[in-house]
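Reader: Could you take me through one chain of this complex, slowly and in one go? I would like to know how it is laid out and how it meets its partner.

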Amino acid sequence: MGISTRKSRLQRENTRNGLFFAAPAIIGIAGFTVYPVFALLYYSFCRYSGLKPPQWIGLGNYKLLVHDQIFIESIYNTVYYTAIAVPLGIVVALSLAILLNAKVKGMAVFRTIFYVPSIVPVVAGAVLWVWLLNPDYGLINLTIDWFGGLSQKLGLPGFSGPGWLSSVEWSKPALILMSTWGVGASVVIYLAGLQDVPQELYEAASLDGASGWRKTWHVTLPFMSPYIFFTAVMGIIGGFQYFTQAWVMTGGTGGPVNSTMMFSMYLFRNAFQLFKMGYACAMAWLLFLVILGATLLLFKTSARYVYYGGR
Amino acid sequence: MAVASRRARWRPITPDRIATYAALIVLSAIFFMPFLWLLSTSVKPAAQIMVIPPQWIPKPFQWDNYSSGLTFVPFLLYLKNTLIICSANVVGVLFSSSLVAYGLSIIPWRGRDVLFLIILSTMMLPYQVVMVPLFTVFTFLGWIDTFLPLIVPSFLGNAFFIFLLRQFFMSIPKDLTDAAKIDGCSEFQIYRRIVLPLSKPALATVALFTFMYAWNDYLGPLIYLFDQSKFTVSLGLAMFQSQYGSYYGMLMAVSTVVTVPIIILFFFTQRTFIQGITLTGIKQ
C-alpha cells in the first residue's frame, strides 16, 4: 500500500515534470502547427484578403486553380526543375564522393572545395550566379564562347553560350546548373556512406575480374542506396519548396514569360502580393499533399531497391 | 584515424590514379572558379568588369567597391539586425529544444512517446504550407514588421533539433542521472549540471545549424519585415540586386561580405560541421 502510493506519487511527479519540460513544444505545436493546419483548410474554402474576415466560397478557389494557366505553368516548372536537378545532383555528388574516396592525397582540401559552395548564403549565391550567367560578360558564357572559338579554329562547327536567365528555354537549365554547384552536403553524406562499404567485396570482385565500373555498379551502388534514397527524398521535398534563388535572380517576377515561376513563388505572390490568401491556401494544401505523397511513395517503394546491408 | 593509416601506406602510381587526380583537379577548379570570379569582380573598377577577355587581376584594385557598396544601402545596420535575429534564434533553439528533448528522454512519463511521434510528424509539414495561416496569427498578435515572428518560434522548440538532442540524451548512461536524483537533485538541476555539459558536441551542432539557417533565411524576413531599417543582409542584398543589378563590382563586394563570415565560421568549426551533416543526414 505504502509502496504503491509512493509509486503513484512518483508517477504523478514525473508526468508533471515531463509536461513542464515539454511545454515549449506543446505550445509551439498547438500555435504553429495544429491551429495553422485547421486555419489553412478553412481559408482554402474562403475568399480571404487578410484584411477583411474570410468569406466562405466552398470549392471556388479549387475550381479557379484548375483553370489558372500560371498555376499549371508553375507546377510544370517545379516538376521540370526537380526532375532534372535532383538526379543530376545525385550523379554529380556520388561521382565526386567516389573520386574522393580513392584514397587521394589532399582529400581534405578537395572535400572542402566541393563543400564550401553549399554553405554560401543563398542570396549571395544567387547574386553571384546572376553575374556568372550574364549572357555577354559572365564567366560561363565567356568559357563556352572560348571553346566555341577553339572548335571553329579546328575546323569544327563553332558555338556560343545561350541567353540563360534571359531566355525562356534556358532559364530553368540555368537554375539547375546553379543547384549542381551546391551539391557539397550530399558529397559529405556519400563520403561517410562509402566508409561502410566492406573492402573485402571490392577485393573479391577484383579477383573475379570485375572492372572498376562494374565494381561501382554492383558493389558501391547497392551499399550506397540508403544514402541516395535519403538525399533523393530530401531533394524532392526541397525541390517543391524551391523559392529563394529563383525569386532573387528574377526580381520576384518568375520571368522571362513565367519560365522560372516556381510553385512556391506563385503561392507567395498570391498570398502576399495579390492578397488572395484563400487562393494561396488552396495551393498550399496541394503542396502539402504532393510532399506527403512523394515522401510516402518513396518510403513504400524503398524496400524494393534499397539495400540496408542485410538488416 | 582511418585516413591517417591509409595515408601512411605507399601506393604505386598507376594510370587509374593519375586519371583520378586529373579529374579531381579539373572538377575542383570548376567548383572554385565562381569564388575567384566573385573576388576578382569585387575589386574591379567599373570599366574593367565588362571586357572580353576577362581581366582576372584588376588594375588598379578598386577597394572602393566595398566601402561604397556597404554604404549605398545601410549594410552595417542590416548586419546588426541579422546578428540580433541569429543570436536570438540560437539561444531560443538551444534552450527550448534541449529542454523538450530532456522531457522526452530522461524523464519517464506516460504520453511522452506519443508526444515524440507528434513532434516528429510536424517535420513533414513544410514552412511554406503554413506560412499564410502563420501570417494571420502574427497579424493578430500585432507582430508584423517586427523581429518577433522570426524569433519567438525558435523559443518553442524545433522538431528536428529536438529529435537530434533526444537521440543524444538517450545515450547518456542512466546511472548518472539516477545517482544525481538519489543525491536529491531536481530534474532541472540534472538537466543543467549533468545532461547539458555532457552534450556539448550535439549542442554545438544545433547552434551552428540554427545560426546558418537564420543567416540564410530570406523567405521569413521577406514576409514579415517591411520597414527598410529592419532588413536583414539577405533582404538588403536582394533589394540591392533588384534595384542596382548592373553595379556588379559593388554587388560582388557586398556578396563577399555576406559570404565570408560563414566561410570563416566553417573553417573554425569544420569538425562540428562535417559531423553535423553526417549526423543530420544519416541518423534520421
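Author: Happy to, and let's take chain B. The C-alpha centres of its domain 1 and domain 2 lie 36 Å apart. Domain 1 covers 2-67 and domain 2 covers 73-243, with bounds that come from an automatic or database domain assignment.

A note on reading the model: it is predicted, so local features need pLDDT of at least 70 and side-chain atom pairs count only at pLDDT 80 or more, while totals for chains, interfaces and linings use all residues. Residues are numbered from 1 along each chain as its sequence is written, and chains are lettered from A and ligands numbered from 1 in the order in which they are written.

Chain B has 16 helices and zero strands (DSSP runs numbered from the N terminus: H or I of at least four residues for helices, E of at least two for strands). Its C-alpha atoms fill a box of roughly 75 × 65 × 30 Å along the principal axes.

Now the partner. The contact takes 76 residues from chain B and 70 residues from chain A, counting two residues as in contact if their C-beta atoms, placed from the backbone, lie within 7 Å. On the chain B side, helix H2 (residues 15-42) gives the most, with 13 residues. For the complex, the predictor gives an ipTM of 0.89 and a pTM of 0.90.

As for confidence, pLDDT runs from 0 to 100 for each residue, and chain B has a mean of 88, with 93% of its residues at 70 or more. Over residues 1-8 of chain B, though, the pLDDT is below 50. Where pLDDT is low, the predicted coordinates should not be read in detail.

How values were computed
pLDDT is the predictor's confidence in each residue, from 0 to 100.
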